[in-house]
Amino acid sequence: MDIILSAEQKCADNGVKLTKRRRQVLTALLECNAAVSAYELTELCNQQGETAMPAMSVYRILEFLEGQSLVHRLSTTNKYIACSHISCDHTHFTRPQFLICNDCTRVQEVDVTSETLSAIERVAADVGFNLSDKQLEVSGTCSNCK
């Protein structure tokens, strides 16, 4: 099934609509091979669209898409990527985790077991640290760049 059709269905299942502008932003994200900022995404959309889209609109759309689990915001870089599980027909029970290449900025969304996340939470608690977010963003070098 087409990724955009899957996204439209997920939105419909949640009682919301993937509008033309939302579709445009999601499509631009899907076409990128790396994480992009909202301003980079605004430029991409404005190059492709017939009418200019203000950056504030892109931010609101990204917030909507994130709320529908169609995109992810990387906290460490304040950039966005399309979710790699949009077309999945099963439920994911763990939070998305990310491997970010320092060289090409490609991002790989990976599944981490709940046991691994619990272990990290326990280690943090042992030193008196309370995790405010359980999203892991690990940087390194991808297989294409090494």
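This is a predicted model: local features need pLDDT of at least 70, side-chain atom pairs count only at pLDDT 80 or more; totals for chains, interfaces and linings use all residues.

Trainee: Why is the contact of R23 with E8 called a salt bridge?

Mentor: The closest N and O atoms of R23 and E8 are 2.9 Å apart. The definition asks for a side-chain nitrogen of Lys or Arg within 4 Å of a carboxyl oxygen of Asp or Glu, so the pair qualifies. R23 belongs to helix α2 (residues 20-31) and E8 to helix α1 (residues 3-13), and the two are 15 residues apart.

Trainee: What makes R23 partly exposed?

Mentor: R23 has a relative accessible area of 27%. Buried means under 20% and exposed means over 50%, so R23 is placed in between. E8, with 25%, is partly exposed as well.

Trainee: How do you know that E40 and K79 meet in a salt bridge?

Mentor: The N to O distance between their side chains is 4.0 Å. The cut-off is within 4 Å, so this pair is counted. It links distant parts of the chain: E40 lies in helix α3 (residues 38-48), K79 in strand β2 (residues 79-82).

Trainee: Which residues form the salt bridge with an N to O distance of 2.8 Å?

Mentor: They are K134 and E121. K134 is in the loop between α5 (114-126) and β5 (137-140), whereas E121 is in helix α5, 13 residues apart.

Trainee: Why is K134 called partly exposed?

Mentor: Its relative accessible area is 35%.

Notes:
Residues are numbered from 1 along each chain as its sequence is written. Side-chain values use heavy atoms; hydrogens and water are left out. Helices (H or I, at least four residues) and strands (E, at least two) are DSSP runs, numbered from the N terminus. Buried means under 20% relative accessible area, exposed over 50%, partly exposed in between (1.4 Å probe, protein chains only).
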